[in-house]
Amino acid sequence: MAQKKFVVGCFDDEKVLFPAVKQVRTAGYKIKDVYTPFPVHGLDHALGMRETSLHTAGFIYGITGTTTAISCISWIFTKDWPLNIGGKPHFALPAWIPIIFELTVLFAAVGMVLTFLYLCQLAPGVKKHHFHKRATDDLFVMVLECTDKTNADDLKALLTSNGAVETDIQVAEEDWWFGTYDNDNENLYKQVSH
Amino acid sequence: MHIKYESQLREPLVYGNKTYAQVTEDIVRPIEAKPSRLWYIGFFIAVTLLMFGAYSVYREVTYGIGQWNLNKTIGWGWDITNFVWWVGIGHAGTLISAVLLLFRQGWRTGVNRAAEAMTIFAVMCAGQFPIFHMGRVWMAFFVMPYPNSRGPLWVNFNSPLLWDVFAISTYFTVSLLFWYSGLLPDFATVRDRAFTKLRKKLYGIASFGWTGSTKHWQRHESLSLVLAGLSTPLVLSVHTIVSFDFATSVIPGWHTTIFPPYFVAGAIFSGFAMVQTLLLIVRKVFGLTDYITIGHIDLMNKVIVLTGSIVGIAYLTELFMGWYSQNKYEGYTFWYSRAYLFSPYGWSYWGMMACNVISPQIFWSKKMRRNVFVTFFMSIIVNIGMWFERFVIIVTSLYRDYLPSSWSVYYSPSIWEIGFYAGTFGLFFTCFFLFAKYFPVIAVAEIKYVLKRSGESYKPEFDAIEKQQLDSFVHDHAHAH
């Protein structure tokens, strides 16, 4: 499997991270990703990411649930087995509203969560390459992919001058999300600088 | 970057001089330490209760519903009382995590994780009662609409009992998804601190390989917001539908239109009480008083006094309508079977009134709201009161029906009926003890998110900004006049 080289810069404050993101992007580098311990609002825009359309998917799943409920129940109660319940109408839409609502919510929620997991490639047992262990603790980890033209040392210097507390060069498998987190970053809590 | 901040007038949500690393340390440390002796004792008691419950259920399944002291007249006794009680408790978690998220209430971050866990366990307990009340529990799958060989004979979609099946199972599923999607980043935090191979492996599986990528966070935020938007009407619908079980039947005392809002308020009331009971213990045992602060307790007590008073108004409205409708059956149920102290079940009505309406009024006092011992005591009282409420609704409406020859005054539960109830406590606390030991009981990532805007040591930074904004506001408005 092809190996790829990454330059990693770690920041310990989101106030330092935002100007750094801007500087690095202005200098012409493409940021692969920033790994953060919590959702940092506005970072997706600072990185130039487009909005997620997950909520649109949720809406589609929701109306699927609505139509499933309406069509199933009305078919069952008017065509398949029209049950006489106290002489009341077979097509009793008001009485079905609770179930129609519940199925709308159920379809939307389950569908959205599965879509979320699929898009993020998350599942039990998946092992991804982790650039820094403290990315889930207190560090904001900026990762840039090196191309043939990239001078890694220049890039590291740029990151450091913009407030990175730690910089690093890492090599990972091309399909890096199937890497392993067991062996990387043995030097936890130690300042690494190559 | 522009950090949003909370006004100086608001209490800090996180006390102490915390950094992000310190937050992780404080919340994850109890998971990494060996369980205390107290934990083992509590867990042992919970499992014992669970075993007793399992034996009670075994007897009920083997010999039938006759093992309980139900009869033709009182067909829903402790069993359905307990069902409604547990479902009600299971409302606070989703209310805290969904409704308060939509209302942008920052204080939810300290308490939402444990409250959601409590919700899920409470709904699990609630589900046991209607399932075993069926008698032939091995045919429980008949409630699902599926093409079968009996015609196919379908379920009755017009029946509130079937609405309940859909409402409770949807509620359980959605709450579980909401809770677990919030847990993914925190499991990743625990995984990345793990000091043994086994821990790393187990929390690695539990975290689904979460990395903290910005794109993932963006989607995660979108997911949480939409799930909150879906859960808000859902949580209101669930107890509304439970109340339809009663309100759509022509039984005096049940056939009223105020049941849905009255039940929902009662559910929030009892749910917050149970959250208080559990969190007051958790914050002390795990040393999390900096995160689950007196301010949180104060705010939850405000919800308790509000919802308790709504429930109180509902009780009074019912009494008024019992007289105003001039329906003799309604009048008899409300003014004799319930409100008359010396009727056979009058004691339960007044127990309910004392616990739910009168005693929570103590929380109008700020001093009482901020008193841990008073809060703990009151949280137990409220839950007793809310159990009485369901008992009153079910038993006092049923025991004297339209046919005096089938009146049944002396209903008291059998030991196996009580054992089943005790067993659900066992189930609930077994789950809760495991949760408290192996799961981050506070949402670590969410606390970090609010830390720099609402943390005690960060708030003073915004003092100048706030003062400046206030000055310019005053300045602008002074000119306008």
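I count a residue as buried if 20 or more other C-beta atoms lie within 10 Å of its own, exposed if 12 or fewer, and partly exposed in between. The model I am reading is predicted.

**Entry 1: helix H12 of chain B**

I began with H12(B). Which of its residues are buried? I found Tyr349(B), Met352(B), Met353(B), Cys355(B) and Asn356(B). I recalled that an α-helix has 3.6 residues a turn, so residues three or four places apart point the same way. Then I looked for what covers the buried residues of H12(B). The cover includes H10, H11 and helix H14 (372-398) of chain B.

I also checked the span. H12(B) runs over residues 346-358, which makes 13 residues. At 1.5 Å a residue they should span 18 Å, and the end C-alpha atoms are 17 Å apart, so the two agree.

**Entry 2: Phe83 of chain B**

Next I went to Phe83(B). This residue sits in helix H3 (residues 78-89) of chain B. Is Phe83(B) buried or exposed? I found 27 C-beta neighbours inside 10 Å, so Phe83(B) counts as buried.

I looked at its contacts, leaving out residues up to four places away in sequence. Phe83(B) touches Ala126(B), Phe129(B) and Pro130(B). Val123(B) is 40 residues from Phe83(B) in sequence, and their C-alpha atoms are 8.8 Å apart in space.

**Entry 3: where chain A meets chain B**

I turned to the contact between the chains. Here 57 residues of chain A are in contact with 52 residues of chain B. Which elements of chain A give two or more residues to this side? They are helix H1 (14-26), strand E2 (31-35), helix H2 (43-46), helix H3 (54-80) and helix H4 (93-119). H4(A) gives the most, with 16 residues. I sorted this side of chain A by residue type: 38 are nonpolar, 8 polar and 11 charged.

**Entry 4: helix H4 of chain A**

I read 27 residues in H4(A). From first C-alpha to last, H4(A) reaches 37 Å, close to the 39 Å expected at 1.5 Å a residue. Where is the kink in H4(A) centred? I placed the centre on Ile99(A), with a kink of about 30 degrees.

Most residues other than glycine have a negative phi. I noted two residues with a positive one.

Just after H4(A), Gln121(A) takes a positive phi of about 55 degrees. I placed Gln121(A) in the loop between H4 and strand E3 (140-145) of chain A. Gln121(A) has 16 C-beta neighbours inside 10 Å, so I list this residue as partly exposed.

Gln326(B) also has a positive phi of about 55 degrees, although this residue is not a glycine. The loop that holds Gln326(B) lies between helix H10 (294-324) and helix H11 (328-338) of chain B. Why does Gln326(B) count as exposed? Because I find 8 C-beta neighbours inside 10 Å.

**Entry 5: domains and confidence in chain A**

I finished with chain A as a whole. The domain assignment gives domain 1 (3-51 + 127-178) and domain 2 (54-119). Their C-alpha centres lie 45 Å apart.

Chain A averages a pLDDT of 83, and 88% of the residues score at least 70. Over residues 178-194 of chain A, pLDDT stays under 50. For that stretch the model has 25 contacts beyond four places in sequence.

Key:
Residues numbered from 1 in each chain as written. Chains lettered and ligands numbered in written order. Predicted model: local features only at pLDDT ≥ 70, side-chain atom pairs only at ≥ 80, totals over all residues. Contact = placed C-beta atoms within 7 Å. Helix = DSSP H or I, 4+ residues; strand = E, 2+ residues; numbered from the N terminus. Nonpolar A, V, L, I, M, F, W, Y, C, P; charged D, E, K, R; others polar. pLDDT = per-residue confidence, 0-100. Expected span 1.5 Å × (residues − 1). Bend = angle between axes of the 7 residues up to and from the residue. Domains from an automatic or database assignment.
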